[in-house]
Amino acid sequence: MPAPTTTPTTPVITPGTSPHPWQETYTDPAEICPNQRRETASPDIEP
Amino acid sequence: MTTLAEMRPVHNTWVDWDDPSPGRRLRVFARLIHGDTSDYEHRVQVRTHDGMVVWEGDRDMPTFAELMAMFDGGLQHDAFSGMTVAGYKPGFQTLSAIPENRPTSAGLHMALQDLGDEIQEDISEACQTITNPGYYFPGVPDGIEPVSDDQVRLVIWGLQRVLDKETRYHKGEGTIAYYDGGGLTTSGRRPAVPLADVLAWPVQRAIAERRRLRYQQWGITRDVWKRQTWSLWDVPLDADYEPRRALLGHGRGA
C-alpha cells in the first residue's frame, strides 16, 4: 500500500487582500520627494 | 489637457514634476529650459539651466515641441550635450565596490527626473513581494549586459543609503517627515524598506537589472556613465512614453 502523500501548498496573497500591506510597515519609495528620487538612482554607481 | 508638446516655456517657471505629458525626450528637454525676457521690451528668450540664451525673438514663444525640433541639428545642438549625469556635489566620485564609510550620492541631473522616478517605481513594485510572495516581478533577461552578484549587492546598498534618509507618514496620515535615523517613531513615520532583508535575492537582482535597463532607456549606457556626461539627443524620442508615476497616480494624493 503506497504511503499517503501530501501536496505542498504555498499560500498566495493577492494584492488588495493582504492583511498587512507593506506600505503600512514601510515608507513607499514612490512617495519620497523629487530630489530623493533622483538621488536614489545613485549616479555614482555603474548602471 | 494641454500637453508639453503644445505648451510654451513660462517665464522663470520650470515644468511641474508630475506633469503627465507623453514623450521621453520631450519631457527631458522641457526640464532643461525656461522662458525669460530680454533687456529689450517685447522680446522673449529661452534659457538653459546655466543661463545660456538659446532662443530669442519678438514674436510669441514657440512651443516645447517647436523649440526641440529647432535645436535638433541647429546651432544650439551642443548646448544640450555634454551635461553631467550627476548633479553637482563637492567630492563626488564613482564607486566600484561598497565602501566602508557611507558617502552620500549626488542626485541625477535635474532633467533626468523621469529616470529616477522609474527606478523608484521599480523598487516600489518589487516591494509588493513582501506581502504577496506570489507577485511576479521579473528581471531583464535580454537587451542588457549581465549583472554580476557583486553589482546587485552594490546597487541595493546604493538604493538603501538614500531610502534611509527620508521616512514618511502613511498616505492620509500626515505630511512629509524628516530623517530620524530610519526607525519607526511614535509619530507614525514609516521606516525605509530594508531591501536586502525583506526582498528575495531574485527580486534584488531584478531591481539591479531593471535599473541598468532604465539608464539605457534614457541613453545612458555603461560607456556613457563612465564618461559621466550625457546628451539630450541620445534620449530616444519615444513620443508615446508616459511615466508610470503619472499612470499610477503617485504624487497626486491618489
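Chain A has one helix and zero strands as its secondary structure; helices (H or I, at least four residues) and strands (E, at least two) are DSSP runs, numbered from the N terminus. This is a predicted model, in which local features need pLDDT of at least 70 and side-chain atom pairs count only at pLDDT 80 or more, while totals for chains, interfaces and linings use all residues. Residues are numbered from 1 along each chain as its sequence is written, and chains are lettered from A and ligands numbered from 1 in the order in which they are written.

How much of chain A is buried? Of its 47 residues, 36% are, where buried means 20 or more other C-beta atoms within 10 Å of a residue's own, exposed means 12 or fewer, and partly exposed lies in between, with C-beta atoms placed from the backbone.

Now let's look at where the two chains meet. Chain A brings 33 residues into contact with 52 residues of chain B; contact means that the C-beta atoms of two residues, placed from the backbone, lie within 7 Å. On the side of chain A that touches chain B there are 15 nonpolar, 10 polar and eight charged residues. Here Ala, Val, Leu, Ile, Met, Phe, Trp, Tyr, Cys and Pro count as nonpolar, Asp, Glu, Lys and Arg as charged, and the others, Gly among them, as polar.

Finally, the backbone. Most residues other than glycine have a negative phi. Ser42(A), however, has a positive phi near 50 degrees. Ser42(A) sits in the segment after helix H1 (34-40) of chain A and is buried, with 27 other C-beta atoms within 10 Å. In chain B, Asp238(B) also has a positive phi, about 40 degrees. Asp238(B) lies in the loop between strand S5 (229-230) and helix H9 (244-248), and counts as partly exposed because it has 15 C-beta neighbours inside 10 Å.
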